[in-house]
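Reader: I am new to this structure and would like to know what lies behind the terms used for it. Please go through them one at a time.

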Amino acid sequence: MTDNWILVAGGAGYIGSHVAKELTRHGVQTLTLDNFVRGHRELARWGAVEECDLADKTRLREIFEKYRIAAVFHLCAFTYVGESGQNPAMYYENNVGNTINLLNAMAEGGVQRFVFSSTCSTYGEPLEIPITETHPQNPVNVYARTKLMVETMLKDYERAYGMKHVNLRYFNAAGADEAAETGEWHEPETHLIPLILDAAAGLRKEITIFGTDYPTPDGTCVRDYIHVTDLARAHLLALDYLEKGGASDAFNLGNGKGFSVREVIKATEKVTGRTIAVKETGRRAGDPARLIGSSAKAKKMLGWEPRYPELEKIIETAWRWHRKFNKK
C-alpha cells in the first residue's frame with residue numbers, strides 16, 4: 001500500500017481535472033477516480049487513475065485497500081437542472097446514493113477528511129445580494145436538493161464517525177487551464193460562456209438571451225463567474241484548513257461581482273475579435289435576476305483570493321481551450 005494519496009472522485013470532469021492538475025503541480029500524490037460516463041479519459045492526465053463507478057461497492061473497497069488515502073475531494077455528480085426534474089431517480093441514485101457508498105468506504109478505511117463540491121443553488125431564490133453562507137438554503141430543483149442532502153448527511157457522518165468536511169458552494173465556474181491542457185467539455189453544453197464561444201467560432205448560428213426585462217442595468221440576468229483554476233486552488237486550501245484542525249464548515253466560492261449576459265457577450269466579442277449574433281426571447285422559469293456571492297468567509301478563513309477576477313481574462317482562457325478542443 002502506498003502512503004498519503006488524495007483521491008479526486010470525478011477527476012476526469014471539468015472542475016475535477018483542474019483540481020487534479022493543481023494537486024500534482026504541488027507535488028501531491030493524486031488519484032483520479034472516475035467511471036467516464038460524463039468525465040473524459042483525455043482529461044485524466046494527472047496522477048494515478050482508477051476506473052470505478054461509485055455504485056460498485058466492491059470496487060470502491062478494493063481501491064481503498066490498494067491506496068492509503070488521506071483525504072477525498074468529491075466532484076462526482078450529475079448537474080443538469082432540467083434533467084434532474086425529468087429523471088429525479090437518476091439524480092438521487094447518483095448524487096446521493098453513490099455519495100453514501102463513497103462515505104461508507106471512507107469510514108471503513110478510516111479516512112476522515114472530505115472536501116465536497118456543492119453549489120450556490122442550495123440557496124434557491126436569493127433573499128439578499130450578495131449571498132452569504134448564512135442565507136437560508138431553500139433549493140428549487142432536484143439537482144440542488146441532492147447537493148443539500150449530502151451537506152446534511154455530512155453532519156451526521158461527522159457525529160458518528162468523526163469525519164471532518166468542507167462544503168464548497170460554487171457560483172458559476174468558467175474559464176480553462178491557462179496552458180489549455182484541460183477545460184470545459186460537457187455533452188450537451190449548457191453553460192453560457194462556451195455557448196457564446198461556439199457562436200464566435202461559427203459552430204452555432206447565434207446565442208439566445210432569455211429575458212431582456214429583468215431589473216438589472218441592461219435588462220439581462222447577472223451572474224457571478226469564477227475561474228475554474230481559482231476553484232481548484234480553493235480545494236487545496238480547504239484541505240490544508242482541515243489538516244490544520246479546522247472545524248467542518250461551508251464556504252462560498254465566487255467572484256463577488258456579477259456580469260450580465262450582454263456584458264459577457266460584449267467581452268467575448270472583444271476577446272475573440274468576432275461579432276456574435278444574438279436572438280432575444282422571453283424569460284426562462286426559475287431564473288433569478290441576479291446571483292452574486294460573497295466569498296469574504298473563504299478569503300478570511302482559507303486565505304483564498306481569486307487570481308482571475310477579470311471577465312475578459314476568464315473568457316480568454318476559455319477561448320484558448322475552445323480553439324484547441326475544437327481542432328480535435
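Author: What follows is a set of questions and answers on a predicted model.

Reader: What makes E178 and R320 a salt bridge?

Author: The closest N and O atoms of E178 and R320 are 3.8 Å apart. The cut-off is 4 Å between a side-chain nitrogen of Lys or Arg and a carboxyl oxygen of Asp or Glu, so the pair counts as a salt bridge. E178 lies in the loop between β7 and α6, and R320 lies in helix α10, so the pair ties together parts that are 142 residues apart in sequence.

Reader: Why is E178 called partly exposed?

Author: The relative accessibility of E178 is 33%. Buried means under 20% and exposed over 50%, so E178 falls in between. R320 has a relative accessible area of 25% and is therefore partly exposed as well.

Reader: Which other residue forms a salt bridge with R320?

Author: E316 does, with the closest N and O atoms 2.9 Å apart. That value is within 4 Å, so the pair meets the definition. E316 and R320 are four residues apart in helix α10, which means that about one helical turn separates them. E316 has a relative accessible area of 32% and is partly exposed.

Reader: What makes R284 and D287 a salt bridge?

Author: Their closest N and O atoms are 2.9 Å apart, and the cut-off is 4 Å, so the pair qualifies. R284, at 45% relative accessibility, counts as partly exposed. The structure holds 25 salt bridges. K21, R45, D177 and E181 are linked in a network of such bridges.

Reader: How do you know that strand β2 is mostly covered?

Author: Strand β2 spans residues 30–34, and five of its five residues are buried. On one side these are T30, T32 and D34, and on the other L31 and L33. Buried residues lie on both sides, so both faces of β2 are called covered.

Reader: Why are β8 and β13 said to pair?

Author: Four bridges join β8 to strand β13, residues 278–281, and the two run parallel. Pairing needs at least two bridges, so β8 and β13 pair. One of the bridges has T208 with K279 as its partner in β13. Four bridges also join β2 to strand β3, residues 48–51, again in parallel. In β3, V49 is the bridge partner of T32.

Reader: What makes β12 and β14 edge strands?

Author: Three strands form an open sheet in the order β12-β9-β14, with mixed pairing. β12 (259–260) and β14 (290–291) each pair on one side only, and they are the edge strands. Strand β9, residues 222–223, is joined to β12 by two bridges and runs antiparallel to β12. The pairing cut-off is at least two bridges, so β9 and β12 meet it. V222 stands opposite S260 in β12.

Reader: What lines the second largest pocket?

Author: It is lined by 18 residues, and E184, E189, P194, H322 and F325 lie nearest its centre. α6 and α10 each supply at least two residues of this lining. By class, the lining has nine nonpolar, five polar and four charged residues. The volume of the second largest pocket is about 220 Å³.

Notes: Residues numbered from 1 in each chain as written. Predicted model: local features only at pLDDT ≥ 70, side-chain atom pairs only at ≥ 80, totals over all residues. Heavy atoms only, no water. Buried < 20%, exposed > 50% of the residue type's maximum accessible area, 1.4 Å probe, protein only. 1 Å grid on protein atoms, 1.4 Å probe; cavity = no way out; pocket = protein on both sides within 12 Å on 5 of 7 lines; lining within 4 Å. Points joined across faces, edges and corners; volume = space filled by probe spheres on them. Nonpolar A, V, L, I, M, F, W, Y, C, P; charged D, E, K, R; others polar.
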